[in-house]
Amino acid sequence: MKNRVSRLAIRIMEKRDIEDVRLLHNDNSVLSLLTDPLHVSEISQEKWFEAISVSRQSKRYVARLLDGDIFVGVFRLDQIDLVNKSVIVGADVIHTYRRAGYATEMFEYFFEYLFLQCGFNRLNLTTLEYNYPARNLYLKLGFQEEGIERLAIFRDGKYQNLVRMSLLATDWMRNP
Ligand SMILES: CC(C)(COP(=O)(O)OP(=O)(O)OC[C@H]1O[C@@H](n2cnc3c(N)ncnc32)[C@H](O)[C@@H]1OP(=O)(O)O)[C@@H](O)C(=O)NCCC(=O)NCCS
């Protein structure tokens, strides 16, 4: 198990976080890389928060700096499948805090939680083929590329490929 000094408080998203989360979602450097690029208003964010707070299929977490409680990013769990023990994961980090290891820290926290506490077998994700920051991050974390969803997403004026990736519990256990 890696023994890093944690710089982040990671916890479930609460109502007091939703404006930070909405502004991050609407930031063009994030929105342009999500599969659904629609902007979210304050009212729709509140309705979404009410729904996701009681959902058994999706969860949202926030990461804040232990030093100063500054919002750093979001971690997503979607399509939580308790029969096949799989879940879709993802993270976004505030622009000014990128390239400082915070996404890595969030993922490492969730690997331990999802594999060791919740017993998941497989973490899934997809990312735009040209999203090299995300693809490099996932490869560095141990995810493997499984294939391409050809021309699955319309972005920047044309259809783009999505890359499917996964991390199995056994992959992670070899080098936790
Ligand atoms: C992808 C993202 C979450 C990475 O967050 P981050 O906190 O900057 O990532 P880390 O600092 O933990 O970086 C870990 C590794 O990822 C890779 N990486 C991260 N940013 C990169 C960049 N701009 N270019 C190339 N590789 C990059 C590197 O391998 C890096 O390791 P290194 O710094 O030792 O070289 C962040 O860039 C982001 O929020 N992007 C916009 C939204 C997005 O793409 N979300 C994912 C959708 S699938």
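Author: A helix crossing is left-handed if the near helix is turned anticlockwise from the far one by less than a right angle, and right-handed if clockwise. Keep in mind that this is a predicted model, where local features need pLDDT of at least 70, side-chain atom pairs count only at pLDDT 80 or more, and totals for chains, interfaces and linings use all residues. Residues are numbered from 1 along each chain as its sequence is written, and side-chain values use heavy atoms, with hydrogens and water left out.

Reader: Which hand does the crossing of α1 and α3 have?

Author: Right-handed. Helix α1 covers residues 18-26 and helix α3 residues 42-53, and they pack at about 115° with axes 10 Å apart. Both are DSSP runs (H or I, at least four residues for helices; E, at least two for strands), numbered from the N terminus. The axes are lines fitted to C-alpha atoms over the stretch in contact, and angles run from 0 to 180 degrees between N-to-C directions.

Reader: What makes the contact between α1 and α3?

Author: I18, E19, V21 and R22 come from α1, while α3 brings E42, Q45, E46, W48 and F49. Contact here means heavy atoms within 4.5 Å.

Reader: Why does V89 count as buried?

Author: Buried means under 20% relative accessible area (exposed is over 50%, partly exposed in between; 1.4 Å probe, protein chains only). V89 has 5%, so it counts as buried. You'll find V89 in strand β4, residues 86-93. Leaving aside residues up to four places away in sequence, V89 touches F75, R76, L77, F107, L114, L123, N124, L125 and F143. Take F75: 14 residues from V89 in sequence, yet 7.4 Å away in space, C-alpha to C-alpha.

Reader: How do you know that β5 and β7 pair?

Author: Two strands pair if DSSP finds at least two bridges between them. Strands β5 (residues 122-128) and β7 (residues 158-168) have seven, in the antiparallel sense, so they are called paired. L128 sits opposite L162 in β7. Strand β6 (residues 144-155) also runs antiparallel to β7, with eight bridges, and Q144 stands opposite S166. The β6-β7 hairpin has two residues between its strands, and D156 takes a positive phi near 55°.

Reader: What makes the span of α4 close to the expected one?

Author: The expected span is 1.5 Å times one less than the number of residues. Helix α4 (residues 102-117) has 16 residues; 22 Å is expected, and α4 reaches 22 Å from first C-alpha to last. Its buried residues include F107 and L114, both touched by V89. Just after α4, G119 takes a positive phi of about 75°.
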